[in-house]
Amino acid sequence: MIEIFRNPNYDFIGKRKWAYYVSIAFTLIGIVSLVLKGGLRYDIDFTGGTLIQVRFEQPASVDKIRASLSKIGLGESVIQQFGDPHEFILRMPLTAERPEQMGRRVQATMSGDAALGKFEIRRVEFVGPQVGRDLQLQALYAVLAGVAGILIYIAVRFDFKGGAAAIIAVFHDVLVCLGALSITNREFSLPVLAALLTIIGYSVNDTIVAYDRLRENRGKSVRGMSFAQQMNNAVNQTLSRTVLTSLTVLFSAVILFLFGGRTLEDFAFVLLVGAITGTYSTTYVAAAIVVDWTNYVEGRVRRPKKAVAKA
Amino acid sequence: MRRNLGLRIGLVVLVVLGSIWYLYPPKKTINLGLDLQGGIHLVLGVDTDKAIASQTERVAEELKSALEKKGIGVTRIAREGNSDVVVQLANPQSWNDAQTVVGEFPNFERRDVDQAAGRFRLAMTPREVDRIRDFAVRQGVETIRNRVDQFGVAEPTITREGTDRILIQLPGLQDPERAKALIGKTAHLEFKLLDERTSTEDAQAGRLPETSELLYQRRIDKETKVERKIPYVVQKRTLLTGAELNRAEISADPNSPGNWQVSIEFNAVGTRIFGEVTEQNVGKQLAIILDGNVYSAPRINERIPGGRAVITGQFTVDEARDLAIVLRAGALPAPVTVLEERTVGPSLGADSIRRGLIAIAASAVVVFLFMLFYYRLSGLVADVALGLNLLILFACMAAFGATLTLPGLAGIALTVGMAVDTNILIFERIREELRIGKSPRAAIEAGFTRAFRTIIDTHLTVMVTAAILYNFGTGSVKGFAVSLFVGLSASLFTAYFFTRLLFDLIYGGRRKLEAISV
């Protein structure tokens, strides 16, 4: 029988003060990056605009493509290499011009450019302004509603403190992921949104496993053990499961990141960051907050009692 | 849990067989999204205001002729805004007679009544406005479906989205430009007389009688690709529309070799009107107008009794064929605009799915091997359970006719993660029970029971979230939610019925259980 831990008894909860600093530092780094860069870089899914993905027979360069596009007044387009140097993505902002016309003009100017050689247009996407805004809002509503659902479920099955702490952990994970996106200059696209939803699910799953263990232990009611100790036991008892599950998720995310192609890269990146922060936040955000919150409430209940005893 | 062993085996076998039945053959049963197989995704916005305006316009015309028939003179009757008609009677004395006629239009309410001046306004009732909006979108969906069917696309999706949008998905299509032209064309065919008294120069300078309008014929030179616009002054009154069409066929254009034309044939009503119009206007030019563009304006030489006409315009065979399709399928009740368009070339779809599938398969293999290595025989049980989980998931997707997209694959990834977690929870719990000195059989019993409480909570929370996402989300968020919800239901099923069953089968038979491989 292979075992990673045999009856582990690390003091996780005791070091929570340090963890708060770490959590705050990471979320702050993300927020600072987001603020400095003027918010997230949204993909055209959310902003509206036209996207053209081209594959050239000869390796091309951003400069050559820009030179070609400048001739038709589209030199300001965002041009990015997508995977290998044969493939590029061109993004044009919303204009009055119809997308098929713009596509045709782009095709015409690049066909006439000997420096670029032969190419194939592999993907054209156009998102109108109304659709982009609708998508942003609806995605936000969907996520907020989903989070509210989690809060209610945990509040009913466990308690409100646990629900609120789990939600704070979810927000922490999402913020860290968004910060990581911002720092690595990745765009917020639909696949990234899907990855964030996955991370929310994963984070909540992990948190509930810890809560569940705590509830089971409390049922046995060991005397003289502080709430922090009980929580620490629950975390330790589920530690091997936590590590094993995180490892399998990490394996999968790393493989997707390395071999999934450019289409899956951003998705896998968020999954990777999220798997780490999701595991971390169970102990050091959700459990830690529940412990301090409970201590605070019990402290307030106890103090007046002492006052009564004195009198 | 030794009880009901036969029943539990039966249930699992039933589920497996059912899944295979739904899944076979997989190429036909699993719908791949456009991001995975290539094709066109279009969201069209229906300009329902235009539909209301043209209905109001029609009512104004009808009201005018109804009043004239009763001998009630009007100095002005016109549409105002989208849904109002203003009427100015020539003589306020005829007020009461006029109101009787107005009574025949129950979908309009009288407003701003000024009896002394003989003036009133008719406003379309809100109920009628809603009905027309709804009808315009429904009719639009029908018309587009009709066109796409005639065009010949395999498994198109054409559905209404929200109140005024139409979602169109055409998988695996090779020529997106042509399909878009075919779908987006309003195809409003009109026959109008030329206004031969006003010169095109005067019209372009803005000197145009109120009853006429300036339209253009667009000709694209086949070699230079330069568009030429030829102006025509056309009387506003529509004599006949495409609504009265019976047939539209293509044939070679006898006057212009290499080009094609569309021959049309009117229905009985259209044939009668066409006969009258041509009889009364011999020697004049009749313009054939499609979506505001003049296609041709042949001179009428004599009365045409058979209800046949020809639309020429230097069409290629494809252009002529597409025009015939849109004319047969009928006009859209309101113009549409493209709000969102995604065209994925088939090569990109194939590329992304191949790379994605290889990566997903690789990560699955790593997880399988890891479980086998760490948990030995129990790991094998978990792997088989995971396989069954995916089988059920794909079978359900096939049974619901759900479409598998990239976000859908994300949902499956989370499902697989949680399904593996389920097994890890159970096995770790069994190991723990063994450590505190329980007998192997008691440890299995306690491990499953204890772990199961946790599993139900984790699954239900995420399923609640998935259900909410499905209700609040759009397209891709919905795809994620569906595969996640279905996958987690399958995961609960396999954990409760299948993993436990395998344990019972492997260890249950032995009278004395010494050790378990976990």
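# Briefing on a predicted two-chain model

In helix H12 of chain B, the residues B:Ser378, B:Ala382, B:Ala385, B:Leu386, B:Asn389 and B:Leu393 meet B:Ile412, B:Thr415, B:Val416, B:Ala419, B:Val420, B:Asn423 and B:Phe427, which belong to helix H13 of chain B. By class, the residues of this contact between H12(B) and H13(B) comprise nine nonpolar and four polar ones, with no charged residue.

**Helix packing within chain B**

- Helix H12 (residues 377-400) of chain B packs against H13(B) at an angle of about 150°, and the two axes are 10 Å apart.
- Because an angle over 145 degrees counts as roughly antiparallel, H12(B) and H13(B) are roughly antiparallel to each other.
- The crossing in which H12(B) passes H13(B) is right-handed.

**Domains**

- In chain A, the domain assignment gives domain 1, made up of 13-41 + 131-301, and domain 2, which covers 49-127.
- The C-alpha centres of domain 1 and domain 2 of chain A are 40 Å apart.
- For chain B, the assignment gives domain 1 (5-38 + 345-507), domain 2 (49-129) and domain 3 (185-343).
- Between domain 2 and domain 3 of chain B, the C-alpha centres are separated by 31 Å.

**The contact between chain A and chain B**

- Chain A contributes 56 residues to the contact, and chain B contributes 54 residues.
- On the side of chain B that touches chain A, the elements giving two or more residues are helix H7 (176-184), strand S18 (336-344), helix H11 (346-375), helix H13 (406-435), helix H14 and helix H15 (475-507) of chain B.
- H11(B) supplies the largest share of that side of chain B, with 13 residues.
- Sorted by class, the side of chain B that touches chain A holds 30 nonpolar, 14 polar and ten charged residues.

**A helix pair across the two chains**

- Helix H5 (residues 129-157) of chain A and helix H14 (residues 440-472) of chain B have axes that come within 8 Å and cross at roughly 150°, which makes H5(A) roughly antiparallel to H14(B).
- The crossing of H5(A) and H14(B) is right-handed.
- From H5(A), the residues A:Gln138, A:Tyr141, A:Ala142, A:Ala145, A:Gly146, A:Gly149, A:Ile150, A:Tyr153, A:Ile154 and A:Arg157 take part, and they meet B:Asp457, B:Leu460, B:Thr461, B:Val464, B:Thr465, B:Ile468, B:Leu469 and B:Phe472 in H14(B).
- The residues of this contact between H5(A) and H14(B) fall into eleven nonpolar, five polar and two charged.

**A sheet with strands from both chains**

- Within chain A, strand S1 (residues 49-56) pairs with S4(A) in the antiparallel sense over eight bridges, and A:Ile52 has A:Val124 in S4(A) as its bridge partner.

**Further strand pairing in chain B**

- Another open sheet is formed by three strands of chain B in the order S13-S14-S17, with antiparallel pairing.
- Strand S13 (245-252) and strand S17 (308-315) of chain B are at the edges with a single partner strand each, so one side of each has no neighbour in the sheet.
- From one strand to the next, the twist of this sheet averages 20°.
- S13(B) pairs with strand S14 (residues 260-266) of chain B over seven bridges in the antiparallel sense, and B:Ser251 stands opposite B:Gln261 in S14(B).
- Strand S15 (residues 286-290) and strand S16 (residues 293-296) of chain B pair in the antiparallel sense over three bridges, with B:Ile289 opposite B:Val294 in S16(B).
- S15(B) and S16(B) form a hairpin with two residues between them, and B:Asp291 in the turn has a positive phi of about 50°.

Terms used: Residues are numbered from 1 along each chain as its sequence is written. Chains are lettered from A and ligands numbered from 1 in the order in which they are written. This is a predicted model: local features need pLDDT of at least 70, side-chain atom pairs count only at pLDDT 80 or more; totals for chains, interfaces and linings use all residues. Axes are lines fitted to C-alpha atoms, for helices over the stretch in contact, and angles run from 0 to 180 degrees between N-to-C directions. Helices (H or I, at least four residues) and strands (E, at least two) are DSSP runs, numbered from the N terminus. Angles under 35 degrees count as roughly parallel, over 145 as roughly antiparallel, 65 to 115 as roughly perpendicular and the rest as oblique. A crossing is left-handed if the near helix is turned anticlockwise from the far one by less than a right angle, and right-handed if clockwise. Two residues are in contact if their C-beta atoms, placed from the backbone, lie within 7 Å. Ala, Val, Leu, Ile, Met, Phe, Trp, Tyr, Cys and Pro count as nonpolar, Asp, Glu, Lys and Arg as charged, and the others, Gly among them, as polar. Domain bounds come from an automatic or database domain assignment. Two strands pair if DSSP finds at least two bridges between them.
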